[in-house]
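Hello,

Here is the structure to go with your sequence. Please look through it first; my notes on what was found follow below.

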Amino acid sequence: MRKSHLKFALLNAKRIEVPASFFSMILGLVGLGNCWRVAVDIWHLPIWISESIMLLAVAVWLMLLLLYISKWLWARKAALAEFEHPILCCFTALVPVSTVMVAVAIAPYAHALAVALFVVGVIGQLSFGVYRSGQIWMGGRDPETILFSTCRQSQVVLSVRSVPVPSVIETGVHCFLEQECFRGWPWSP
């Protein structure tokens with residue numbers, strides 16, 4: 001085996017392919033950090049605990065995002081296989097939702113960046129939901145497999161209150177996502 005082939009094989013062996021499901025860690029970390037933020041307000045606990053958890057969430061999100069982008073650049077076949085899989089594809093919705101959650105984490109410190117991340121996350125989530133719903137309408141998927149990805153949008157609705165965005169955006173996002181996600185459920189209005 002020539003030296004160049006061996007070097008290429010070693011590079012492929014060391015590549016880390018992060019699945020989209022890893023972004024669920026961000027939801028848990030930001031949720032825990034938000035709970036501690038509330039605990040700080042109610043019981044006057046030290047603020048460094050909540051903010052450390054939020055900082056960890058942002059750092060993990062940034063690392064995962066870089067690794068996930070590198071997966072799309074250097075392991076496109078694996079990324080496409082995950083995106084087209086009937087079950088694993090729904091975890092792709094965690095990428096924009098985790099972006100919205102990071103906006104919640106940084107909102108007290110960088111309002112403009114938080115709003116920008118929020119808008120990018122909402123647009124990404126809506127785009128993913130429309131794409132996956134469009135596959136049902138065109139007969140490419142079973143309706144049972146789409147519920148997971150579209151109801152992730154309820155997380156976006158819940159985070160609208162945490163990131164102070166202009167009221168027009170808040171009203172539009174809330175009305176659209178609330179109607180699309182919960183239409184036809186027994187307890188929906």
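Surface patch and the loop beside it

Val38, Ile42, Trp43 and Leu45 make a nonpolar surface patch of about 410 Å². A patch takes residues with over 30% relative accessible area and no salt bridge, joining like charges within 9 Å and nonpolar side chains (Val, Leu, Ile, Met, Phe, Trp, Tyr) within 5 Å. Accessible areas come from the Shrake-Rupley method with a 1.4 Å probe, and for residues only the protein chains shown count as cover.

This is a predicted model: local features need pLDDT of at least 70, side-chain atom pairs count only at pLDDT 80 or more, and totals for chains, interfaces and linings use all residues. Residues are numbered from 1 along each chain as its sequence is written, and side-chain values use heavy atoms, with hydrogens and water left out.

Leu45 sits in the loop between helix H2 (24-43) and H3. Helices (H or I, at least four residues) are DSSP runs, numbered from the N terminus. Leu45 counts as partly exposed because its relative accessibility is 31%; buried means under 20%, exposed over 50%, and partly exposed in between (1.4 Å probe, protein chains only). His44 is also placed in the loop between H2 and H3. His44 is exposed, at 68% relative accessible area, and has a positive phi of about 55° although it is not a glycine.

Salt bridges

The whole structure holds two salt bridges (a side-chain nitrogen of Lys or Arg within 4 Å of a carboxyl oxygen of Asp or Glu). In one, Arg37 pairs with Glu51, with the closest N and O atoms 3.0 Å apart. Arg37 lies in helix H2 and Glu51 in helix H3, so the pair ties together parts that are 14 residues apart in sequence. Both Arg37 and Glu51 are buried.

Lys71 and Glu82 also form a salt bridge, at 2.8 Å from N to O. Lys71 belongs to helix H3 and Glu82 to helix H4 (residues 76-84), so this pair ties together parts that are 11 residues apart in sequence. Lys71 and Glu82 are both buried.

Second largest pocket

The second largest pocket has a volume of about 230 Å³. A pocket is an open set of points on a 1 Å grid over the protein atoms alone, with protein on both sides within 12 Å along at least five of seven lines; lining residues have an atom within 4 Å of a point. The volume is the space filled by probe spheres set on the points. H6 gives the largest share of the lining, five residues.

Regards

Key: 1 Å grid on protein atoms, 1.4 Å probe; cavity = no way out; pocket = protein on both sides within 12 Å on 5 of 7 lines; lining within 4 Å. Helix = DSSP H or I, 4+ residues; strand = E, 2+ residues; numbered from the N terminus.
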